[in-house]
Amino acid sequence: MDFMVALPTIVKAMAMGAVPILLAALGEVFSEKAGLVNIGLEGIMAVGAFVAFAVGKVTGNLWIGLLAGMLAGVVVNLIYAFCTVTLCSDHVVTSMAINILAPAIALFGYNLFVGANPENATGAQMASLAIPGLSDLPVVGNGLFNQTPLAYLAFLLVPCISFFFERFRAGLSFRSVGENPQAAETLGINVVRVKYIACIICGALAAAGGAFLTICYTPIYTDGIVMGRGFIALATVIFGRWSAVGVMLASLLFGFFDGLNVALQASFQAAPVMFFKMIPYVFTIIALLFFGSKHAGPKANGKPYFRESR
């Protein structure tokens, strides 16, 4: 494979592959900043992908489909919020239940939606929007600056979220809840409300990541379309050290390996496809082995909060 010839293809695939991971990971940043470890991103993305696909197909408006998918993600994640925040159940066990329940709901809904109407199996796809001048840059122009509006919005969220956590009082409240909820409560912060808001934002962004797959990446929904991206998003949060900018850089890095997988498949068509498809996941494991840290995240992460305890 001539790397320089394949580089524009890799850059294009990198940007496309990074967006769903970035959106889900940004949602997880909100969740973990509030002390909630939600590994149910995979299930939320699946629901968001199906609902956005179905509603976009029915209404003919992909933005309405996106909003519907985000709303569905919020509803699913509120189940997680009720169990972990109100009932103080284990975060990991509850979110794993979401990973089992949500994709099954999405598949059931898809079977009902398509049913005897095979024409419903294919939806619409959001058109790309080229930025004049920048899209004409050699090598990277078409890949980075000829994307869908949703992709641009995903990357614009990064500085907004960074500014929110660093400068806004509400962002500091999120961080204090994740570090020491008991101390935050004594300062007048409603810990339960902050955690619920974090779950709402996480559900919406993770579902938007799933919706990207069916309204921007490909105009179809299939069982397993998320393909582990929710778990990669979790690794991205750790690799990016719980910061929006770090998460974006980590998402682009994972996206690069996804793009490399596409380029290698095109260059070595005789080789087994699954050999190349496993590249992003192998890199995820390596990244967690060498860069994962148990001490970099919020101190109260994953711990049930009992309001009466001090």
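The legends below accompany close-up views of a predicted model.

**View 1. Packing of helix α2 against helix α9 in the predicted model.**
Helix α2, which spans residues 41-59, packs on α9 at an angle of about 55°, and the two axes lie 6 Å apart. The crossing they form is right-handed. On the α2 side the contact is made by Leu41, Ile44, Met45, Gly48, Ala49, Ala52 and Phe53, while α9 contributes Cys202, Gly203, Ala206, Ala207, Gly209, Gly210, Ala211, Thr214 and Ile215. Sorted by class, the contact of α2 with α9 comprises 11 nonpolar and five polar residues, with no charged residues.

**View 2. Helix α6 alongside helix α9.**
The axes of α6 and α9 come within 11 Å and cross at roughly 155°. Since angles over 145 degrees count as roughly antiparallel, α6 and α9 are therefore described as roughly antiparallel to each other. Here α6 passes α9 in a left-handed crossing. Leu150, Ala151 and Leu157 of α6 meet Leu205, Ala208, Phe212, Ile215 and Cys216 of α9, and by class this contact of α6 with α9 has eight nonpolar residues, with no polar and no charged ones.

**View 3. Helices α3 and α4.**
Helix α3 (residues 62-86) and helix α4 (residues 91-114) have axes that come within 10 Å and cross at roughly 155°, and α3 is therefore roughly antiparallel to α4. The crossing in which α3 passes α4 is right-handed. From α3 the contact involves Val76, Ile79, Tyr80, Cys83 and Thr84, and from α4 it involves His91, Thr94, Ser95, Ile98 and Ala102. The class count for the contact of α3 with α4 is six nonpolar, four polar and no charged residues.

**View 4. The largest nonpolar core and the surroundings of Phe174.**
The largest nonpolar core of the model has 88 residues, and those with the most contacts inside it are Leu26, Phe50, Phe174, Ile215, Tyr221 and Phe254. Helix α9 (residues 191-217) supplies the largest share of this core, namely 14 residues. When its neighbours within four places in sequence are left aside, Phe174 is in contact with Phe30, Lys33, Ala34, Phe164, Phe165, Val194, Ile197, Ala198 and Ile201. As a wider point of reference, nonpolar side chains tend to be buried together in soluble globular proteins.

**View 5. Phe168 in the loop between α6 and α7.**
Phe168 is found in the loop that links α6 (149-167) with α7 (169-179). Its relative accessible area is 44%, and Phe168 is thus partly exposed. Between Phe168 and Ile64 there are 30 Å in space, taken from C-alpha to C-alpha, and the two residues are 104 residues apart in sequence.

**View 6. Helix α10 and the residue that follows it.**
Helix α10, covering residues 229-239, is mostly covered, with eight of its 11 residues buried. The buried residues in α10 are Arg229, Gly230, Ile232, Ala233, Leu234, Ala235, Thr236 and Val237. After α10 comes Arg241, whose phi is positive, near 55°.

Note on methods. Residues numbered from 1 in each chain as written. Predicted model: local features only at pLDDT ≥ 70, side-chain atom pairs only at ≥ 80, totals over all residues. Heavy atoms only, no water. Axes fitted to C-alpha atoms, helices over the stretch in contact; angles between N-to-C directions. Helix = DSSP H or I, 4+ residues; strand = E, 2+ residues; numbered from the N terminus. Parallel < 35°, antiparallel > 145°, perpendicular 65-115°, else oblique. Left-handed = near helix turned anticlockwise from the far one by under 90°. Contact = heavy atoms within 4.5 Å. Nonpolar A, V, L, I, M, F, W, Y, C, P; charged D, E, K, R; others polar. Core = buried A, V, L, I, M, F, W, Y, C linked by side-chain atoms within 4.5 Å. Buried < 20%, exposed > 50% of the residue type's maximum accessible area, 1.4 Å probe, protein only.
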